[in-house]
Amino acid sequence: MPSDKRLGRYDSPLGLMVLEETNGALSGAWFEGQRYFTPPEDFLFCTSPLLQQAFQWLDVYFDGHDPGECPPLCPEGSPFRRLIWNELRLIPYGKVTTYGLLAAKAAQQLGKPRMSAQAVGGAVGHNPLSVFIPCHRVIGTDGSLTGYAGGLEKKTALLQLEKADLTRLYIP
């Protein structure tokens with residue numbers, strides 16, 4: 001079955017975002033210039049009911065409110081990456097967790113005694129749905145703001161927008 005892809009353009013307060021819809025679900029949301037994202041050479045921005053729903057969700061988010069349930073998402077990645085992305089979606093608005101806590105949770109789910117925080121960091125860093133899958137809510141064990149494919153300035157701005165308390169960790 002051929003895929004039905006559409007690209008939409010959203011002008012966020014942090015810069016242009018490109019949203020990708022594949023077969024009726026969001027498959028990508030990237031800030032312009034974000035690591036691991038290169039737009040196709042020739043494409044036209046368009047709109048669809050799903051992209052309109054995503055734009056409205058982002059409007060609420062960037063107004064500083066919890067937008068609630070996301071539009072349908074379908075990120076493409078390995079089973080491990082999808083497991084980590086599902087865990088990211090459980091981090092509440094305005095809360096943060098650490099790579100180490102996510103690694104402990106993933107190890108538990110996979111029946112392993114432990115898991116590398118670096119492996120989790122790789123999955124977090126390759127999240128194809130910025131903001132919708134809130135990878136910006138993951139911080140270093142020491143409370144530092146580390147790694148964000150869209151840039152640390154955007155990560156900082158997103159956490160400030162959510163009024164996140166970096167000293168109170170969400171434990172998955």
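Where is Y93 found? In this predicted model, Y93 sits in the loop between helix 2 and strand 4 (97–98). Before getting to what surrounds that residue, here is a look at the rest of the chain.

**The overall picture**

The chain has five helices and five strands. Reading from the N terminus, the elements come in the order β-β-β-α-α-β-α-α-β-α. The radius of gyration is 16 Å, close to the 16 Å that the globule rule gives for 172 residues, so the chain is as compact as a globular protein of that length.

Three strands make up an open sheet, ordered 1-2-3 with antiparallel pairing. Strand 1 (5–12) and strand 3 (25–31) are the edge strands, each pairing on one side only. On average, neighbouring strands of this sheet are turned by 20° against each other, ignoring direction.

Strand 1 and strand 2 (residues 15–22) run antiparallel and are joined by eight bridges. A hairpin takes the chain from strand 1 to strand 2 through two residues. As for individual pairs, K5 has T22 in strand 2 as its bridge partner, and R9 stands opposite V18, also in strand 2. As a general point, side chains in a regular strand alternate between the two faces of the sheet.

Helix 1 (residues 49–62) lies across strand 1, strand 2 and strand 3. The angle between helix 1 and strand 1 is about 25°.

**Helix 2 and its two partners**

Two packed helices are described by the angle between their axes and the distance between the axes.

| Helix pair | Angle | Axis distance |
|---|---|---|
| Helix 2 (residues 79–89) and helix 3 (residues 99–110) | about 125° | 11 Å |
| Helix 2 and helix 4 (residues 117–125) | roughly 80° | within 9 Å |

Take helix 3 to begin with. The angle of about 125° makes helix 2 oblique to helix 3, and helix 2 passes helix 3 in a right-handed crossing. On the helix 2 side, F80, L83, I84, E87 and L88 make the contact, meeting L102, K105, A106, Q109 and L110 in helix 3. By class, the residues of this contact split into seven nonpolar, one polar and two charged.

Now for helix 4. The crossing at roughly 80° makes helix 2 roughly perpendicular to helix 4. Helix 2 brings F80, R81, I84, W85 and L88 to this contact, while helix 4 supplies A119, V120, A123 and V124. The contact of helix 2 with helix 4 counts eight nonpolar, no polar and one charged residues.

Which residues is Y93 in contact with, leaving aside its neighbours within four places in sequence? They are Y61, G64, H65, D66, P67, R137, L161 and E162. One of these, Y61, falls within helix 1 (residues 49–62). As for G24, which is 69 residues away along the chain, its C-alpha atom is separated from that of Y93 by 25 Å.

Key: Residues are numbered from 1 along each chain as its sequence is written. This is a predicted model: local features need pLDDT of at least 70, side-chain atom pairs count only at pLDDT 80 or more; totals for chains, interfaces and linings use all residues. Side-chain values use heavy atoms; hydrogens and water are left out. Axes are lines fitted to C-alpha atoms, for helices over the stretch in contact, and angles run from 0 to 180 degrees between N-to-C directions. Helices (H or I, at least four residues) and strands (E, at least two) are DSSP runs, numbered from the N terminus. Angles under 35 degrees count as roughly parallel, over 145 as roughly antiparallel, 65 to 115 as roughly perpendicular and the rest as oblique. A crossing is left-handed if the near helix is turned anticlockwise from the far one by less than a right angle, and right-handed if clockwise. Contact means heavy atoms within 4.5 Å. Ala, Val, Leu, Ile, Met, Phe, Trp, Tyr, Cys and Pro count as nonpolar, Asp, Glu, Lys and Arg as charged, and the others, Gly among them, as polar. Two strands pair if DSSP finds at least two bridges between them. The radius of gyration is taken over C-alpha atoms; the globule rule is 2.2 Å times the number of residues to the power 0.38.
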